[in-house]
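Here are some notes for a colleague who is opening this structure for the first time. Please keep the sequence and the 3D view at hand while reading the points.

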Amino acid sequence: MELIIQLIFSFIFTACFGIIFNAPTKAIPYCGFVGAIGWIIYYMLIQINVTEVQASFIGAFVVAIVAQIFARRFKMPMIIFNVSGIIPLVPGGIAYNTMRNIVELDYTMGIQNGMRAFMISGAIAMGLVFAEVIIQLMMKFFKTGLTSMQSFARAKRRLK
Amino acid sequence: MNNEQQYELALDCLLLAGQLMMESGAETYRVEDTMLRMARSQNIEDAQSYVTPTGIILSLGKRQITKISSIPARITDLHKIAKVNSVSRKLSGQMITLEEAYEELKRIQKTNYFLPIHIQLLAASVASSCFLVLFNGYWSDMPAAFVAGGVGFAVVTITQEMTRVKFFSEFLAALVVGLIASLAVHFGLGIEMDKIIVGAVMPLVPGLIITNAVRDLMAGHFTAGIAKGAEAFLTAFAIGAGIAVIVAF
């Protein structure tokens, strides 16, 4: 029951961010879907006592893979799906606590929370990039097409 | 049309495509990739570009002229990125000519793809209240977060129109959000001030810029990555400062 509530609300949450970032109208439900999958995986990992940094990494990894699948399916840039997809994982609450601790002159807690926020956002970024690179490697085996990062590198090489 | 004019048209077309994508918040390496891909489809093999978040330099080769396009402001507009992307796809697939592509890009530049402002406000409000459920907040705090999120987003949009100083509008929005949250708690309309504030500032958080900054760094675009990182840091600092004023009192 708890899981279903989380699923529904993370879907609405991410879809709303799709609207704020002005995603194409027909892509908005899929943005919500990407975010809901990423959040549910994060949520379940937290429930079984995985640390928040690792859970964020895996959540962002899944978000990027699902976003890549949708991007190929709809022939739209991947950025449309993964930007709103990672929003539920962004450590907004921890960043807020950092600010609050520093304003209240509790510097020790402030540094601790700041480090946590930094590690989580680093994990999210790494998850996104790793997923993209792994998909590129897979595509190399199947030869079905190039991702933009790969064709960019190839175009640069050809110029030399 | 002679060769010279053809090159000039290609240069204008490519530069416009790059400018539109960069203004809408695309990744730097994707902008460069799109421009080079379009150039190759027009049999221009030795095109060179240098893209930063604040300006684009594009040259079609050693003998051709070079043009610069400056980018004064960047917003998040995923719809426009998708539109420019589809034009570049069509041009690369030789489905449209260069003239048609240029006309279409000019039309995209003039069109406003944003949904009506009240729908955006509603989305910001709903997102703010949904945040409470995801982070174990109280259900009774949802109305306060709904109002605070909507008002915060409205303030940032209106002051951005009026002043054009991003730092100030974000600071003001965070201040208003903090004020509404603390008033709601004061009058018994909310329980946890912290969660209401965090939920309500989520629509202002520079999520896209942070993601793009890291991806640009990984693709080897260090100038762009650092510049975008600075922009994201400034936004985060503005929000933090606005909230800090409320928390301190």
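Which domains does the domain assignment of chain B give?

1. The assignment, whose bounds come from an automatic or database domain assignment, gives domain 1 (3-110) and domain 2 (117-248) in chain B. This is a predicted model, in which local features need pLDDT of at least 70 and side-chain atom pairs count only at pLDDT 80 or more, while totals for chains, interfaces and linings use all residues. Residues are numbered from 1 along each chain as its sequence is written, chains are lettered from A in the order in which they are written, and side-chain values use heavy atoms, without hydrogens and water.

2. The C-alpha centres of domain 1 and domain 2 of chain B lie 33 Å apart. Their contact (heavy atoms within 4.5 Å) takes 13 residues from domain 1 of chain B and eleven residues from domain 2 of chain B.

3. Between these two domains of chain B, about 980 Å² is buried, and carbon and sulfur atoms give 54% of that area; buried area is the accessible area (1.4 Å probe) that two parts lose on being put together, summed over both.

4. One salt bridge is counted between domain 1 and domain 2 of chain B, the term meaning a side-chain nitrogen of Lys or Arg within 4 Å of a carboxyl oxygen of Asp or Glu. B:Glu231 forms a salt bridge with B:Arg74, with 3.4 Å between the closest N and O atoms.

5. In chain A, A:Ile134 is found in helix 6, helices being DSSP runs (H or I, at least four residues) numbered from the N terminus. A:Ile134 counts as partly exposed because its relative accessibility is 38%, and that class lies between buried (under 20% relative accessible area) and exposed (over 50%), with a 1.4 Å probe and protein chains only.

Methods: Helix = DSSP H or I, 4+ residues; strand = E, 2+ residues; numbered from the N terminus.
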